[in-house]
2 protein chains.
Amino acid sequence: MATAAAFENLNTAGVEGAQDPESLTEPLLSHQRSRSSISNSTSQVALVGADVCPIESLDYEIAENDFFKEDWRTRGRNQMIQYIFMKWSLCFLIGLIVGLIGFLNNLAVENIAGTKFVVTSNMMLANKFGMAFLSFSIPNLVLTLFASIVTATVAPVAAGSGIPEVKAYLNGVDAPGILSFRTLVIKLSEGLREYVNLDRVVGFKITQLLLTLIIGSISAVSSSLLVGKAGPMVHTGACVASLLGQGGSKKYGLTWKWLRFFKNDRDRRDFVTCGSAAGIAAAFRAPVGGLLFAIEEMASWWRSALLWRAFFTTAIVAILLRAFIDICKSGKCGLFGTGGLIMYDVYSADASYHLADVPLVLLLGVVGGILGSLYNFLLDKVLRIYNFINEKGIAPKIFLACTISILTSCLLFGLPWLASCRPCPSDASEACPTIGRSGNYKKFQCAPGYYNDLASLIFNTNDDAIRNLFSKDTDKEFQHSSMLIFFVTCFSLSVLSYGIVAPAGLFVPAIVTGASYGRFVGMLVGSHSNLNHGLYAVLGAASFLGGSMRMTVSLCVIILELTNNLLLLPMIMLVLLISKTVADAFNGNIYDLIMKAKGFPYLETHVEPYMRQLTVGDVVTAPLQLFHGIEKVGNVVHVLRTTRHNGFPVIDENPLSETPVLYGLILRAHLITLLKKKAFLPTPNPTVNDAFSQFSAVDFAKRGSGNGDKIEDIKLSEEEMEMYVDLHPFANASPYTVVETMSLAKALILFREVGLRHLLVIPKISNGSPVMGILTRHDFMPEHILALNPLLARSRWKRLRIRFPPSLKPF
Amino acid sequence: MATAAAFENLNTAGVEGAQDPESLTEPLLSHQRSRSSISNSTSQVALVGADVCPIESLDYEIAENDFFKEDWRTRGRNQMIQYIFMKWSLCFLIGLIVGLIGFLNNLAVENIAGTKFVVTSNMMLANKFGMAFLSFSIPNLVLTLFASIVTATVAPVAAGSGIPEVKAYLNGVDAPGILSFRTLVIKLSEGLREYVNLDRVVGFKITQLLLTLIIGSISAVSSSLLVGKAGPMVHTGACVASLLGQGGSKKYGLTWKWLRFFKNDRDRRDFVTCGSAAGIAAAFRAPVGGLLFAIEEMASWWRSALLWRAFFTTAIVAILLRAFIDICKSGKCGLFGTGGLIMYDVYSADASYHLADVPLVLLLGVVGGILGSLYNFLLDKVLRIYNFINEKGIAPKIFLACTISILTSCLLFGLPWLASCRPCPSDASEACPTIGRSGNYKKFQCAPGYYNDLASLIFNTNDDAIRNLFSKDTDKEFQHSSMLIFFVTCFSLSVLSYGIVAPAGLFVPAIVTGASYGRFVGMLVGSHSNLNHGLYAVLGAASFLGGSMRMTVSLCVIILELTNNLLLLPMIMLVLLISKTVADAFNGNIYDLIMKAKGFPYLETHVEPYMRQLTVGDVVTAPLQLFHGIEKVGNVVHVLRTTRHNGFPVIDENPLSETPVLYGLILRAHLITLLKKKAFLPTPNPTVNDAFSQFSAVDFAKRGSGNGDKIEDIKLSEEEMEMYVDLHPFANASPYTVVETMSLAKALILFREVGLRHLLVIPKISNGSPVMGILTRHDFMPEHILALNPLLARSRWKRLRIRFPPSLKPF
């Protein structure tokens, strides 16, 4: 029941900061109950990756305590310049490293997979078909085995696309495993604990996830599995950015002092955004597309200055890749080098199409949208089934991956035998038949002068298959049956391959599936259209991507940068619009579905209609743990030990009235720092404030996630427990507050736009306590609200909510 | 002293909502004093366009009064669907109309200017040089005269680029003339009042600005002035969106009932954003570039749902333009039709460049940045000089425009005589010499077989000149001297032409200037580089645009969509980064400079360092006008008449304590509605609440800007003045509040991110009043803060502020 425990963990994590009595006494049960009663689809299964660490929230609020103010007052001009300089240098470094990793990834994949295909083709030429199958399937199996073992043992979080994890991080969800390389090794206990020196592995945890992503992605893609590299590259980019942004790990002496400026969540968020933009830029050599992808899909907060920094990062990636490709053109990179800067160049000066083609393109968009949403639906279901296998332990996980690899090898090698050999066209623009790894006309088992059209697609790397599908002047190359078989194979394999325990992107599978669908439609239409089949394939890829990923401008630019066909732009825009609209009527964006299945508490931008009916007073739960300005140490310790909250209001006596006044909000991390340094007072009377002599602002900077101290680690004597502590200098004296009568919708706007972790609710008329409670991310989750208001769940708003697909939400 | 009055108006406007005693007694003087004492550069001169209307702020906060809540409670499913449907239909309409206007604009310009050049060339061929000059300069003069008369008399706000106005609007600055077509006719008094039936003109004010923009832009661009069409197209797009979004004008029976959903600032902001994206998309046939331009440069608030709607709008524009171009290809559009969907197509499959070219490209970026910032500096200065002329009245304005037109004609016709005739190359890829309007080798005055290279550039439409500059395989076509003359001419003319009273964009002049600079550098480098001169021109245009407009990703995509040269992308990114960085060291973005000169209180995203040192309590000014929950009508009327504030806190007695409690915030517009309907109580005791029978939510919906009633229009009897009014149902019961100890920086984040007009400041310890004051946009303006804290202005922060260019600001 490893996952059951993990699932409880998740639920506990969900209540962090929320202060309701139930959760204090039996948090796991009560929340498990309330959740499952309302949303059985999202909470029953916690998928791979989520089953490791407790989830926390990031905090983008400026904690304005006395140290922060002092720090700003004394900050000199040189420090400011250093700060700016550091930001830009870090972005430069991120771009450089991610670009390099992206290049190495491409280089390795092209060479490993290419060599495999060359060897197999040579066997085929010698009619040694059995040997050929073995020389194809055994390397595939070994590579898959390698990728899955590395992923399963070293960094299970690296499995899957990684985009949902990074997206959740950028929304403020901090599941430490996502980016911070912590506690991943806990899972090693199942079977490997004895064999590995745990301490040593923990010592190198910083690079674990990164290495897993890089090695795992190269192996998985090279092993002819239908998985992409874009998702893992985004995850890699985010990891690099996070690693640099938190300045290394203090515990293992890897801290870089020159990075100490960035000890807060805001700066790290910016770097991770730049890193994920660089990831897509490196994967597709599409710098502008990567940047837009980060804006449109990844980032929850955006501003103009960040746009420029991300542009800088992706520009570095682009320039670096351009330079490497320049070097590789001279043949120094082995089998790598085709494609140039534009991966699937299909430029044609006369992309002639007329109004008459529009209805067909509309149809392409509609069907693409339906297929895309079906893909999302099936993928979600398959992931849930896989999860039952994956939770049994490492061995079944790896077994599953191997099964998929063998299935893939069999299909890829076996299916081309179904296609009949066709004579080479006399006017072919390239060699026919080809024997090596690429080329439009593959020989496979055919006699000289003949080619196997299905093998040209299926017995190939994904990139080469896409190039063949997009190619122009090849309208007569493929048979209807081959294209249909290829489409069905791609669709099924990509659904089956994603959930295995290896880094696996979704972009390339979606492109190859969509392109085969588009080309098939083009072949059905035949000569009734002006567009050549290659352009149909591009439009089909656009429609399938739109139907599955539901992006607009970023997909548009990525497709443009992949294909270099600007004249087709209006058509691509049309197709994307339609497929997204159609697909939104059925279900959500694939990344959101995966994110939901993993149980990340993602905070949406839009407001559900019923949130306008509820006030924050309806949602916030009392009573609440308060501290006085001068508090007994014993009390502080007791509260910290018995709750999991991360923020506590600090109140003071009011000299003018009986009701106390709100002084501010103190964070758990700061309380722990305070207890650790034992800055105690013997009496509850505030003496001369010597806090500045004992602490500096650096003590209150946020560490890398998961690196904070724990209350359990602090040992205090009996006398110390009886002493007092002055919380004033450490409390954020100006937390954001809302009045209890504010609608939940309006409070959500504040919470989301400003990026809060805690939002204090104050009463309209103060009688007794100056603060009613604290709202956290958890309190804005629809599941939580609907559990508190079961009637609402069955009201017309709930119905409305179901009927409106997310993108059509009015707000 | 018309402008002095306007300037005072501006300053009055600046204090709206701010409640300080000085501004009540002598607002104009006190603020003029405080402003000019600290920033003599930005406030002394109010330029054309700003001298018409008072400036107000837009309000994006949800005013949660009882009517709003009731409206939401009773809102049915059908209404919701209608709402969503309407939003999308409006975006569709905006795209359709803006696309159509863009096409008509292009069509008209190409035909008018083209005909002019054909006629003149024919005269030249017949050696009638005097007649040729007249047939060139007289149409130019007539067109300029027409454009300037229309602009000066009908809609002075239409002068200039329009982008700064729309940007200010999207930031929340509502100078009614910008988009709302109101009171523009006030200025007619100077000389024209007698000749025009004022009422009739006001009756048609909705279309005034639009028509002025369209006609004015066509005339100005056709008259060979060095002005662009992109800015006016953005302004046009914003106007179309605003017009549709506010559902027409109620006064003149032009209200469209089906648009009544959009009676608030948030929805209108979204439409105007879509409209401005459509503007650039239509001007450059660059749908993705237009969208990104709206994100990067125009919008102050952005969210994912809006991205999709803007994408939809620009897609409509793109599809429409593509369809029109398809029709025009068959020659039905007169002289229009060259260029296709990509205006300056310079695709080359082998854009070969190597690492060795990088230093040169860096140099190009650095010099481009310097030139761009010099351009901004000179343009700002020239605008200030022009303003002295423009403020003298309509006649001098028009005279100035005519002078520039004559100067332009003389230069364009005269300068080519300086260039020597060159023999046509034998291997020219196109006709040489050409006589008509376009072509790389213009005959001008030369003998047959010879061409005038300077005429090919200068005696041409801007679009054709850019095409010639960007053309490849023409490296030997131009002489160094011709290119230098052309560059200097373009630079000077574009600086001189912008400020005249006609719609005038900056994009095309910047492209043509930058391209000539780039090509000149290319010619100097000669054969030392792999890049052809056309590519140098593209890079030069990028560097000059980057240096002047300081955008990154949007310029990158616009250039890409204009030139169709994807392989050059890494180079363009590099150049843009460098030129922006260099130029930022000298001054600001051109649009920001113009916006500042016009006096718009633009709220920046980034926080100035000294804002961290000040608390909101330091800035907010007491005393303040408060209302009680049940207030005497006479008091309300008195306060509304004697102040200009737009929001008033409503307080109630506290049953538990002596200090009153804050109930909420009531808006001026709502108070006026209340007074107008005379919903009074005879006694100060709250009776049964019958407010719902008298009012509906529609009464509190915001009208189109400038259409609200005024307190002066409301007449009340003596008895009515003695009655009471219950403000509770009408007050926003949950305004956003901050505590007085919050730093200004932190409050600004809330104010800016949530888009507020009023932010209530509450005391830490309530003694007496529950609210200390109200912060408005004005209170966050650096001029205001530094005027309140003169010491700060001379502190190291001020120095820091000067040294750091805006883009290098740490936050």
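Select B:Asn127 first: with 9 other C-beta atoms within 10 Å, this residue is exposed. B:Asn127 sits in the loop that links helix 6 (77-125) to helix 7 (129-154) of chain B. Its phi is near 60°, a positive value in a residue other than glycine. The model on display is a predicted one, and its scores are ipTM 0.87 and pTM 0.87.

Is A:Ser224 buried or exposed? A:Ser224 has 28 other C-beta atoms within 10 Å and is therefore buried, since the cut-off for a buried residue is 20 or more.

Continue along chain A to A:Gln246, placed in the loop between helix 11 (230-245) and helix 12 (265-284). A:Gln246 counts as buried because it has 26 C-beta neighbours inside 10 Å.

Where pLDDT is low, the predicted coordinates should not be read in detail. For chain A as a whole, the mean pLDDT is 79, with 81% of its residues at 70 or more.

**Chain A in outline**

The chain contains 33 helices and 12 strands. Of its 811 residues, 57% are buried. Among the contacts in chain A with a separation of 6 or more, 78% are accounted for by residues 24 or more positions apart.

**Two crossing helices in chain A**

Select helix 8 (residues 163-171) and helix 24 (residues 590-598) of chain A. Their axes come within 9 Å and cross at roughly 75°. An angle of 65 to 115 degrees counts as roughly perpendicular, and helix 8 and helix 24 of chain A are therefore roughly perpendicular to each other.

Which residues of helix 8 of chain A meet helix 24 of chain A? From helix 8 of chain A come A:Ile163, A:Pro164, A:Lys167 and A:Ala168; from helix 24 of chain A come A:Tyr591, A:Ile594, A:Met595 and A:Lys598. By class, the residues of this contact are 6 nonpolar, no polar and 2 charged.

**A strand pair in chain A**

Next, select strand 7 (residues 647-652) of chain A together with strand 8 of chain A; the two pair in the antiparallel sense over 6 bridges. Strand 8 (residues 661-667) of chain A is mostly covered, with 6 of its 7 residues buried.

**A mixed sheet in chain B**

Turn to chain B, where 3 strands form an open sheet in the order 5-7-8 with mixed pairing. The edge strands are strand 5 and strand 8 of chain B, each of which pairs on one side only.

- Strand 5 (residues 627-628) and strand 7 (residues 647-652) of chain B run parallel and are joined by 2 bridges. B:Phe627 has B:Val650 in strand 7 of chain B as its bridge partner, and B:His628 stands opposite B:Ile651 in strand 7 of chain B.
- Strand 7 and strand 8 (residues 661-667) of chain B run antiparallel and are joined by 6 bridges. B:Asp652 has B:Val661 in strand 8 of chain B as its bridge partner.

**Where the chains meet**

Finally, display both chains and select the residues in contact across them: 73 residues of chain B touch 73 residues of chain A. Which helix gives the most to the side of chain B that touches chain A? Helix 14 (residues 304-332) of chain B does, with 12 residues. Colouring by class shows 45 nonpolar, 15 polar and 13 charged residues on the side of chain B that touches chain A.

Technical notes. Residues are numbered from 1 along each chain as its sequence is written. Chains are lettered from A and ligands numbered from 1 in the order in which they are written. This is a predicted model: local features need pLDDT of at least 70, side-chain atom pairs count only at pLDDT 80 or more; totals for chains, interfaces and linings use all residues. Two residues are in contact if their C-beta atoms, placed from the backbone, lie within 7 Å. Helices (H or I, at least four residues) and strands (E, at least two) are DSSP runs, numbered from the N terminus. Ala, Val, Leu, Ile, Met, Phe, Trp, Tyr, Cys and Pro count as nonpolar, Asp, Glu, Lys and Arg as charged, and the others, Gly among them, as polar. A residue is buried if 20 or more other C-beta atoms lie within 10 Å of its own, exposed if 12 or fewer, and partly exposed in between; C-beta atoms are placed from the backbone. Two strands pair if DSSP finds at least two bridges between them. Axes are lines fitted to C-alpha atoms, for helices over the stretch in contact, and angles run from 0 to 180 degrees between N-to-C directions. Angles under 35 degrees count as roughly parallel, over 145 as roughly antiparallel, 65 to 115 as roughly perpendicular and the rest as oblique. pLDDT is the predictor's confidence in each residue, from 0 to 100.
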